[in-house]
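Please look at the sequence and the structure below before reading on.

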Amino acid sequence: MAKIALGSSQEAAQPDCIRALVVEFITTFLFVFAGVGSAMAADKLEAGALVGLVAVAVAHTLIVAVTISAGHISGGHLNPAVTLGLLIGGNITVVRSILYWIVQLLASTSACFLLHYITGGLVS
């Protein structure tokens with residue numbers, strides 16, 4: 001079993017960590033914005049449920065393919081559960097995983113607020 005490294009508070013100030021956090025914010029924001037936005041659009045379509053499901057799946061697939069290209073900088077987690085798995089596997093430190101979780105939650109919340117603002121709060 002892999003050992004879980006605690007890390008240090010100095011890790012947050014390292015340029016590679018800051019760059020990874022910025023990339024993680026952008027990729028998570030895009031993932032949630034495209035995924036939730038496509039689900040909201042599919043809900044408004046007059047097509048069948050299968051067409052909406054395919055549209056949402058294709059949107060998620062395309063955005064994951066695009067964001068994985070940036071994965072060499074941050075790891076392309078896009079999801080707190082993935083970060084937890086990497087922490088348990090000993091691939092990242094506890095400090096970095098907490099920073100990733102904060103950034104991922106802020107990015108997904110920001111994407112949802114932007115979608116809410118764009119739709120004028122009409123979607124519930």
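In this predicted model, Val 32 has a relative accessible area of 14%, which is under the 20% cut-off, so Val 32 counts as buried. Val 32 belongs to helix α1, which covers residues 15-44.

What does Val 32 touch, leaving aside its neighbours within four places in sequence? Val 32 is in contact with Gly 37, Ser 108, Ala 111, Cys 112 and Leu 115.

Is Glu 11 buried or exposed? Its relative accessibility is 10%, so Glu 11 counts as buried. With residues up to four places away in sequence not counted, Glu 11 touches Cys 17, Thr 93, Val 95 and Arg 96. Cys 17, among these partners, is itself buried, with a relative accessible area of 0%. As for cysteine pairing, a search of the whole structure finds zero disulfides.

Now turn to the helices. The axis of α1 and that of helix α2, made of residues 49-68, come within 9 Å and cross at roughly 170°. Angles over 145 degrees count as roughly antiparallel, and α1 and α2 are therefore roughly antiparallel to each other. The crossing in which α1 passes α2 is right-handed.

Which residues of α1 and α2 meet? On the α1 side they are Thr 27, Leu 30, Phe 31, Ala 34, Gly 35, Ser 38, Ala 39 and Ala 42. On the α2 side they are Gly 52, Ala 55, Val 56, Ala 59, His 60, Ile 63, Val 64 and Thr 67.

Last come the annotated spans. An unreviewed UniProt entry carries the annotation "transmembrane region" for residues 21-41 and 47-68. In the model, residues 21-41 are 100% helix and 0% strand, and the end C-alpha atoms of this span lie 29 Å apart. Residues 47-68 are 91% helix and 0% strand, with 31 Å between the end C-alpha atoms.

Note on methods:
Residues numbered from 1 in each chain as written. Predicted model: local features only at pLDDT ≥ 70, side-chain atom pairs only at ≥ 80, totals over all residues. Heavy atoms only, no water. Helix = DSSP H or I, 4+ residues; strand = E, 2+ residues; numbered from the N terminus. Buried < 20%, exposed > 50% of the residue type's maximum accessible area, 1.4 Å probe, protein only. Contact = heavy atoms within 4.5 Å. UniProt positions renumbered as here; feature names shortened; annotations may be inferred. Disulfide = S-S within 2.5 Å. Axes fitted to C-alpha atoms, helices over the stretch in contact; angles between N-to-C directions. Parallel < 35°, antiparallel > 145°, perpendicular 65-115°, else oblique. Left-handed = near helix turned anticlockwise from the far one by under 90°.
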